[in-house]
Amino acid sequence: MPHPSLINGFSKLTKAQQRRLIYDSIGSDLNNEQLSQFDVASEQLQQTMDNFSENTVANFPLPFGVAPNVLVNGRNYLVPMVIEESSVVAAASSAAKFWFSRGGFQAEVVAAEKLGQLHFRWNGKPERRAALLPRLEARLRQSTAHLTERMEARGGGVLGLTWKHLPAVAPDYYQLLVSFNTQDSMGANFINTILEEYGNQLTKWIACSTDLSDDEREVEIIMAILSNYTPNCIVRAWVMADIEAMQVAGSGIDAHEFSRKFELAVKIATEDPYRAVTHNKGIMNGVDAVVLATGNDFRAVEASVNAYAARDGQYRSLSRCEISTGQFLFELSLPLALGTVGGLTKLHPLANFSLDLLGRPKATELMEIVAATGLAQNFAALRSLVTTGIQKGHMKMHLQNILQSLDANECQRREAVSHFAERTVSHHAVKAFLNASKE
Ligand code: MEV
């Protein structure tokens with residue numbers, strides 16, 4: 001319910017006071033336990049959770065599942081997945097098992113470069129950039145050496161700088177587009193720190209440089225921030241098998257027909273944006289779940305992946321299927337800026353656990369695992385769609401949610417599962433079944 005007036009100083013209240021205010025605003029007859037039932041038992045852990053964000057009045061639990069048998073480059077992973085949607089983990093597990101006996105997933109990191117931008121206005125001529133950039137770059141690198149030293153020792157650092165002019169923004173608008181290698185960290189803090197310092201140094205350099213005329217000494221820094229679009233941080237995952245091996249048990253069609261329909265389904269998503277968005281959403285079911293489980297930034301991944309899917313001007317499928325010389329090839333390429341050190345990866349106990357479960361991978365290995373899980377998810381969705389349809393498996397899982405919402409007991413659940421094994425599940429049908437079973 002909306003609050004009737006402006007709330008001042010909410011963040012200064014204790015958690016108990018914040019909860020009281022919230023309960024009051026939705027009706028004081030509400031149970032005080034409503035939010036506190038989600039508190040974790042350990043005070044220290046609760047403190048850690050509270051420190052992640054502001055005004056944390058409760059925890060919001062999501063299921064933490066595991067997809068077994070995800071064989072990537074010959075290593076068999078138990079993949080942690082945080083997702084609330086029924087049947088996503090089941091689908092990933094089933095696709096992983098299907099491919100396990102067919103050689104598993106292959107994956108490779110094509111490039112692992114991150115980007116950041118310093119946006120500024122400058123009263124100079126665009127053609128002067130080529131002559132000035134080497135001296136500017138040397139100055140920027142030298143003056144931030146103390147900030148890049150540790151990253152360079154780990155094999156990362158600043159890779160290069162481009163000085164761009166975008167007169168469509170404003171005639172005097174420029175930007176430094178900076179590329180980075182941030183090794184196993186996602187790198188947002190590192191990149192933003194460097195860029196802000198570049199802003200300070202650019203201002204000083206322009207004010208004092210003898211290379212510049214008086215007219216050219218005017219600069220205004222607009223902003224400095226990483227770009228979440230990472231088209232040079234790309235991972236590719238693929239599966240391959242003889243067409244003869246593409247028989248799907250219980251599908252009612254043979255391996256050739258299945259492969260042909262599957263290939264066509266991917267083609268539809270390549271050419272039709274309406275289908276492409278849903279198709280890619282299926283991929284992101286797997287990708288986001290692992291990204292979340294490992295404490296990575298799924299919003300950054302989503303933003304980048306969706307921009308990448310539209311990189312040629314039309315939104316298209318991220319995956320590709322090709323059938324030639326009796327071989328079925330299914331592959332996925334997508335940008336993934338991930339970290340396995342820093343940020344939540346260590347602070348969140350379950351993110352830390354997830355990384356343990358995956359054998360403490362390097363960021364590039366995690367990119368491969370995530371891409372393989374996205375491909376598994378896409379494969380499972382298309383496999384259902386071109387054979388039995390998606391609802392059969394989905395509603396079987398959803399049945400449990402409906403039973404839960406109707407307070408079914410253990411015995412009723414068992415009976416419902418058997419009753420709906422070959423029947424269409426709907427809220428109405430399940431309710432009727434439970435009512436009948438009470439009579
Ligand atoms: C549902 O979360 C995902 C699917 O719609 C994906 C797809 O249609 O490919 C099943």
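Predicted model: local features only at pLDDT ≥ 70, side-chain atom pairs only at ≥ 80, totals over all residues.
Figure 1. The ligand is surrounded by Glu85, Arg275, Thr278, His279, Lys281, Gly282, Asn285, Ala381, Leu385 and Ile390. Helix H9, with six residues, contributes the largest share of this shell.

**Figure 2. Polar side-chain atoms facing oxygen atoms of the ligand.** A polar side-chain atom of glutamate 85 is placed 2.5 Å from an oxygen atom of the ligand, while for arginine 275 the corresponding distance from a polar side-chain atom to a ligand oxygen atom is 2.7 Å. Asparagine 285 also takes part, with a polar side-chain atom that lies 2.9 Å from an oxygen atom of the ligand. On its own the ligand has 300 Å² of accessible area, and the protein covers 83% of that area.

Figure 3. The ligand sits in the second largest pocket of the model. Two elements give two or more residues to the shell around the ligand, namely helix H9, which spans residues 273-293, and helix H13, which spans residues 363-385.

**Figure 4. Alanine 372 in helix H13.** This view turns to a residue of helix H13, alanine 372. Alanine 372 counts as buried because its relative accessibility is 0%, and the cut-off for that term is under 20% relative accessible area. Although alanine 372 and isoleucine 283 are 89 residues apart in sequence, their C-alpha atoms are 9.8 Å apart in space.

**Figure 5. Methionine 186 in the loop between strand E6 and helix H7.** The loop that holds methionine 186 runs between strand E6, residues 173-181, and helix H7, residues 188-208. With a relative accessibility of 16%, methionine 186 counts as buried. Methionine 186 and valine 341 are 155 residues apart in sequence, yet the distance between them in space, C-alpha to C-alpha, is 7.8 Å.

**Figure 6. Serine 209 and its contact with aspartate 211.** Serine 209 belongs to the loop between helix H7 and strand E7, the latter covering residues 219-227. The relative accessibility of serine 209 is 7%, and therefore this residue counts as buried. From this position the side chain of serine 209 reaches the backbone nitrogen of aspartate 211, at a distance of 3.0 Å.

**Figure 7. Asparagine 73 and its positive phi.** Most residues other than glycine have a negative phi. Asparagine 73, in contrast, is a residue other than glycine with a positive phi, near 50 degrees. Asparagine 73 is located in the loop between strand E1, residues 64-72, and strand E2, residues 75-82. Its relative accessible area is 35%, so asparagine 73 is described as partly exposed.

**Figure 8. Glutamine 183, in the loop between strand E6 and helix H7.** Glutamine 183 has a positive phi, near 50 degrees, in a residue other than glycine. The loop between E6 and H7 contains glutamine 183, and methionine 186 is also placed in the loop between these elements. Glutamine 183 is partly exposed, because its relative accessible area is 25%, whereas methionine 186 counts as buried at 16% relative accessibility.

Conventions. Residues numbered from 1 in each chain as written. Heavy atoms only, no water. Near = heavy atom within 4 Å. Polar contact = N/O pair within 3.5 Å; in protein donor to acceptor, adjacent residues only side chain to side chain. Areas by Shrake-Rupley, 256 points an atom, 1.4 Å probe, with all protein chains shown as cover. 1 Å grid on protein atoms, 1.4 Å probe; cavity = no way out; pocket = protein on both sides within 12 Å on 5 of 7 lines; lining within 4 Å. Sits in = over half its atoms within 2 Å of the grid points. Helix = DSSP H or I, 4+ residues; strand = E, 2+ residues; numbered from the N terminus. Buried < 20%, exposed > 50% of the residue type's maximum accessible area, 1.4 Å probe, protein only.
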